[in-house]
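User: Please take a close look at the ligand site and its surroundings. I would like one connected account, with the cut-offs behind each term.

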Amino acid sequence: MENTNASSDIIDNIFTDESQIPEQFRIPEIHQREYLLNGELVQWDGDVTEVLSPVYIKTADGLKRKLVGTIPHTTPKESMEALDAAVAAYNNGQGVWPTMSVDDRIKCMQKFVYLMIQQRDLVIKLLMWEIGKTLGDSTKEFDRTVEYINATIDALKDLDRESSRFQEAEGTIAQIRRAPLGVVLSMGPFNYPLNEIFTTLIPALIMGNTILFKLPKHGVLAHYPLLQAFKEAFPAGTVNTLYGKGSEIISPLMESGKVNVLAFIGTSKVANGLKKLHPKVNRLRAILSLDAKNAAIVTKNADLDVAVSECILGSLSFNGQRCTALKLIFVQKDVADEFVKKLAAAVAALKPGLPWDKDVKITPVPEADKPAYLKACLDDAIANGAKIINENGGYANNSFVFPSVVYPVNDKMTLYHEEQFGPIVPVVPFDTIEEPIDYQINASHGMQVSIFSNDPMEVANLIDPFVNLVSRVNINCQSQRGPDVFPFTGRKDSAEGTLSVFDALRSFSIRSLVATKATDANKQLFNTIVRDHDSNFLSTDYIF
Ligand code: G3H
């Protein structure tokens with residue numbers, strides 16, 4: 001059989017010169033000199049920031065990160081202008097967008113999706129170049145986002161149909177609908193720069209809120225081709241973009257007290273800092289997806305082949321850079337040797353390469369400081385008694401780091417506690433099942449767990465404690481966010497609020513009702529308003 005293991009030679013030569021990159025994946029430099037403000041693509045003449053790819057290129061002067069382009073580095077002044085535009089477009093709930101009928105808002109969103117799809121190829125290419133995501137995963141990210149928008153439209157139709165009737169209780173008639181909250185500040189992470197931002201931005205928008213949309217630290221240019229679609233599809237001021245350093249441009253927005261909803265995917269430390277800046281915290285709703293270090297628990301009753309393949313998917317898809325990734329694997333001592341042997345062999349066989357390479361599994365990472373951080377984690381684990389047990393584990397070439405299976409890991413090591421968010425698979429041996437339960441009890445986070453066992457009694461005995469410690473218990477499969485119709489949330493420092501296609505519509509809205517005493521005169525009044533279509537809220541129109 002062909003030996004598919006990554007030799008250090010392949011890693012040493014992972015970066016090529018530009019001529020070796022297949023034609024269809026090459027991209028001209030893109031220099032973005034505009035941003036979306038109040039319905040206009042406003043020209044930017046100020047400072048710009050270089051967008052450097054995690055992919056290095058061989059040049060006469062050695063390896064250099066490929067320049068993908070440049071982006072505006074906007075300042076607090078532009079942030080405040082964007083805030084003013086969003087506040088004016090909302091206009092205390094009297095603006096064109098928040099008062100528009102649900103049917104018309106849906107039509108705007110459908111126009112946006114139509115225009116977005118025209119940009120599919122370019123956005124996918126930019127995802128590959130900007131964050132090093134494989135062609136398959138970049139394509140999936142784009143298509144999943146389109147499906148998410150379409151599913152959101154369908155969910156809103158359902159919600160609206162349920163609300164398009166009157167309810168009567170104790171002599172009172174009411175129509176109850178969900179209404180917008182105001183200005184939403186949406187900020188997402190670099191690992192899903194399109195999908196994760198859109199899973200808050202789209203539901204927030206379609207519910208009638210106006211948006212300030214801060215681009216992530218990597219994956220900014222991937223949004224550039226979509227700005228025109230936002231401009232064409234939605235009324236002026238409904239969506240406004242913000243570029244630059246979060247610490248500079250976001251603080252004044254929060255301090256203004258004019259942000260009604262903070263939709264943030266990142267660390268709990270940053271989220272807490274931002275919330276505290278708001279002068280009236282009670283007026284701020286927060287929808288947050290934060291820290292996580294999901295554990296896998298492999299017991300002596302597990303199918304080890306299933307456990308290995310799911311743990312590889314869970315810990316190393318997109319190089320481990322997923323909030324939902326499995327970041328610590330507990331294995332019962334009876335099967336630990338066999339499990340780590342199989343795991344190490346499977347990791348060693350993962351194909352390293354560039355995002356467009358066929359069957360590539362491990363690619364360069366976009367955060368410039370990540371390789372050094374990963375090395376420090378490995379050094380710390382080794383100093384505390386662990387070993388890297390797979391071939392080429394930790395072998396690096398600039399932004400590329402081959403994954404390591406680290407064993408045996410214990411609670412003295414950084415890898416036991418910190419969210420590595422990269423290609424390291426720490427494995428902790430345990431005797432009794434109380435040990436991984438204690439880990440979860442003492443952890444500051446509580447998103448998901450994956451349990452690997454085929455013993456029904458054992459699985460049942462683990463399900464019951466874990467459902468109260470995390471928000472999703474996966475049995476014999478990796479942890480993940482999808483399907484997107486399922487609730488995605490977490491306990492402790494992992495989340496605030498719940499996102500799913502349906503839950504997100506609720507998260508970004510509040511129920512508002514129109515009520516009256518059920519007298520003949522009031523019934524007549526309501527009937528006339530409904531018959532003449534005088535109100536977008538008080539209406540029995542049914543959206544097909
Ligand atoms: O980074 C966190 C993402 O929401 C994970 O989504 O589990 O579908 O990869 P995923």
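Analyst: A polar side-chain atom of Arg144 lies 2.8 Å from an oxygen atom of the ligand. This is a polar contact, meaning a pair of N or O atoms within 3.5 Å; within protein, one atom must be able to donate a hydrogen and the other to accept it, and residues adjacent in sequence count only if both atoms are side-chain atoms. The model is predicted, so local features need pLDDT of at least 70 and side-chain atom pairs count only at pLDDT 80 or more, while totals for chains, interfaces and linings use all residues. Residues are numbered from 1 along each chain as its sequence is written, and side-chain values use heavy atoms, with hydrogens and water left out.

Glu196 also places a polar side-chain atom by the ligand, 2.5 Å from an oxygen atom. Arg481 takes part through its backbone: one of its polar backbone atoms is 2.7 Å from a ligand oxygen. The residues around the ligand (a heavy atom within 4 Å of it) are Arg144, Asn191, Tyr192, Glu196, Arg322, Cys323, Thr324, Gln480 and Arg481.

A salt bridge here is a side-chain nitrogen of Lys or Arg within 4 Å of a carboxyl oxygen of Asp or Glu.

The wider setting is the domain interface. An automatic or database domain assignment divides the protein into domain 1 (35-43 + 74-289) and domain 2 (294-488). Their contact, defined by heavy atoms within 4.5 Å, takes 19 residues from domain 1 and 16 residues from domain 2. The C-alpha centres of the two domains lie 32 Å apart. The area buried between them is about 1600 Å², with 59% given by carbon and sulfur atoms; buried area is the accessible area (1.4 Å probe) that two parts lose on being put together, summed over both. Of the area that domain 1 buries against domain 2, Arg144, Phe190 and Asn191 supply 27%, more than any other three residues. Two of these names, Arg144 and Asn191, also occur in the list of residues around the ligand.

Across this interface the rule finds three salt bridges and seven residue pairs in polar contact, both residues being at pLDDT 80 or more. On the side of domain 1 that touches domain 2, helix H5 (120-131), helix H6 (135-163) and helix H7 (195-206) each supply at least two residues. Helices (H or I, at least four residues) and strands (E, at least two) are DSSP runs, numbered from the N terminus. The residues on that side divide into seven nonpolar, six polar and six charged, where Ala, Val, Leu, Ile, Met, Phe, Trp, Tyr, Cys and Pro count as nonpolar, Asp, Glu, Lys and Arg as charged, and the others, Gly among them, as polar.

A further salt bridge joins Asp143 and Arg120, with the closest N and O atoms 2.9 Å apart. Asp143 lies in helix H6 and Arg120 in helix H5, so the pair ties together parts that are 23 residues apart in sequence.

Backbone geometry remains to be noted. A cis peptide bond joins Gly482 and Pro483, with omega about -5°. Pro483 lies in the loop between strand S22 (472-475) and strand S23 (491-492). Asn476, in the loop between S22 and S23, has a positive phi of about 55° although it is not a glycine. Most residues other than glycine have a negative phi, and most peptide bonds are trans.
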